[in-house]
Amino acid sequence: MSDAIVFESVSKRFILPHELKQPRAASWWSRARRRGEWKETFWALRDVSFVIEKGESVGLVGVNGSGKSTILKLIVNILSPTSGRIRSHGRIAALLELGAGFHPDLSGRENVYLNGSILGLNRKEMDRIFDAVVDFAEMERFIDAPVKFYSSGMYMRLGFAIAVHVQPDILLVDETLAVGDQAFQAKCLTRIHEIKRQGVTILLVSHSLDAVSDLSTRALWMDQGRVREDGRVNHVVESYLSEVIRKERVDAHAATGRWGSGEAEITRVEFVNGCGEPTSEFKTGQAFAARIHYRAEQRVPSPMFGVAIHREDGLHVNGPNTVFSDQHIEAIEGDGVVEYVVPALLLLDGNYFFTAAIYDQAGIHAYDHHHMRYTFSVVPGGVKERYGAFYIPSRWEHRNGRAE
């Protein structure tokens, strides 16, 4: 069977207790307790369905509380679903919480064998891998000490070493790579790449989008307990990051995201391609235009129209305006359109924020400023180049012999 993990319409509900203030009437308090009015229903997952095939490496992304860790705990039966069905095929090794599965009064050595037996390995099989586990964890001096005396880093090293040496069919990783020193993190990443090449199915939860992109070929974006997007890892990570940054911008500019005196107002901004067709998706090298629709209730002399483009990671790409371009506009009044035209868009693959503004000729007084309120994306396909921020037209030359 090629399916390693299957979720079919899975939901998970938690009942969260809340302490209520003592009410004036004790009898009312007693009735409230009997009715359960001090408890809250929280759905960690809502009708989640997906299939992970054998050998796939999948990253789970999303903000805290979106349901990522709940998915992993359901797979290893730490939690049971409220509804729906979960199937998994093969031996599962899980790195969910530091020290999970360790008995504090047992030594590191005893816990290694205990964890192996839980995963279905017999004594002889554990004997064969024991030295490799201890060596990888760098725990030779402490392996016979009770684990209740271990530091969090020691817990993590030993837990990770066990998980990657028991020859799992499925490896679940929940933020473990963020713990430990840099050298050990690099060691963990190298080992995960090795077992990935061996065909082990990997499901990774991490707030490090670089780690998700590096280790995964596919990503699931979890949002409020639902799968918001499922697809190619780079595409999903870009969509998720774009949404995170957009929300941050909205929060940061809730009071100032749009400002100006209002004599002239931007009523709409739309993006069009070289054929004049509205779109928010472009290829590198394709014609790009932003149409800035405005309305001026009174005559505004010598206005300056400006735009700015920011990449999703905050890089300020450019900030042109009509004054810099020697495009003098004598005055505006009533409705009109100003177009910012780029014959060949040289931005590479990514998501971008667009700012549009109307100022006075000196660029000091804002009539209307829409700060990073619009988005568009650049997708692969226009050129073969993939790395960096911009495509720079160039050529390669080769000559045999020594250069003169």
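**Figure 1. Overview of the predicted protein chain.** The secondary structure consists of eight helices and 18 strands. The chain has 404 residues, of which 43% are buried. Among contacts with a separation of 6 or more, 71% join residues 24 or more positions apart. The accessible surface amounts to about 22200 Å², and carbon and sulfur atoms contribute 48% of this area. Salt bridges in the structure number 17; several of them are shown in the views that follow.

Figure 2. The phi angle of serine 9 is positive, near 50 degrees, in a residue other than glycine. Most residues other than glycine have a negative phi. Serine 9 has a relative accessible area of 38% and therefore counts as partly exposed.

**Figure 3. Helix α2 and the residue with positive phi that follows it.** Helix α2 spans residues 68-75 and is mostly covered, with six of its eight residues buried. These buried positions are Lys68, Thr70, Ile71, Leu72, Leu74 and Ile75. After α2 comes asparagine 77, with a positive phi near 65 degrees.

**Figure 4. Helix α4 and its kink at isoleucine 129.** Helix α4 comprises 15 residues, 123-137. From its first C-alpha to its last, α4 reaches 20 Å, close to the 21 Å expected at 1.5 Å a residue. A kink of about 45 degrees is centred on isoleucine 129. Isoleucine 129 is also one of the buried residues of α4, together with Met126, Phe130, Val133, Val134, Phe136 and Ala137.

**Figure 5. Salt bridge between arginine 123 and aspartate 127 within helix α4.** The two side chains meet at an N to O distance of 3.8 Å. Both residues lie in α4, four residues apart, or about one turn of the helix. An α-helix has 3.6 residues a turn, so residues three or four places apart point the same way. Side chains of opposite charge can pair when their charged atoms come close. Aspartate 127 is classed as partly exposed because its relative accessibility is 40%. Arginine 123 is classed as exposed because its relative accessibility is 56%.

**Figure 6. Salt bridge between glutamate 243 and arginine 228.** The closest N and O atoms of glutamate 243 and arginine 228 are 3.8 Å apart. This pair links distant parts of the chain: glutamate 243 is in helix α8 (residues 233-252) and arginine 228 in strand β9 (residues 226-232), 15 residues apart. With a relative accessible area of 14%, glutamate 243 is buried, whereas arginine 228, at 41% relative accessibility, is partly exposed.

**Figure 7. Loop between strands β8 and β9 at glutamine 224.** Glutamine 224 lies in the loop that joins β8 (218-223) to β9. Although glutamine 224 is not a glycine, its phi is positive, at about 55 degrees. The relative accessible area of glutamine 224 is 67%, which means that this residue counts as exposed.

**Figure 8. Salt bridge between arginine 258 and aspartate 368.** The closest N and O atoms of this pair are 2.9 Å apart. Distant parts of the chain are linked here: arginine 258 is in strand β10 (residues 258-259) and aspartate 368 in strand β18, 110 residues apart. Arginine 258 is partly exposed, with 36% relative accessibility. Aspartate 368 has 3% relative accessibility and therefore counts as buried.

**Figure 9. Network of salt bridges.** Four residues are linked in this network: Arg268, Glu270, Arg291 and Glu339.

**Figure 10. Nonpolar surface patch.** The patch is formed by Leu315, Phe390 and Ile392, which together have about 270 Å² of accessible area. Phenylalanine 390 lies in the segment after β18 (366-379). At 37% relative accessibility, phenylalanine 390 is partly exposed.

Terms used
Residues are numbered from 1 along each chain as its sequence is written. This is a predicted model: local features need pLDDT of at least 70, side-chain atom pairs count only at pLDDT 80 or more; totals for chains, interfaces and linings use all residues. Side-chain values use heavy atoms; hydrogens and water are left out. Helices (H or I, at least four residues) and strands (E, at least two) are DSSP runs, numbered from the N terminus. Buried means under 20% relative accessible area, exposed over 50%, partly exposed in between (1.4 Å probe, protein chains only). Contact means heavy atoms within 4.5 Å. Accessible areas come from the Shrake-Rupley method with a 1.4 Å probe; for residues, only the protein chains shown count as cover. Patches are made of residues with over 30% relative accessible area and no salt bridge: like charges are joined within 9 Å, nonpolar side chains (Val, Leu, Ile, Met, Phe, Trp, Tyr) within 5 Å. The expected span of a helix is 1.5 Å times one less than its number of residues. The bend at a residue is the angle between axes fitted to the seven residues ending there and the seven starting there.
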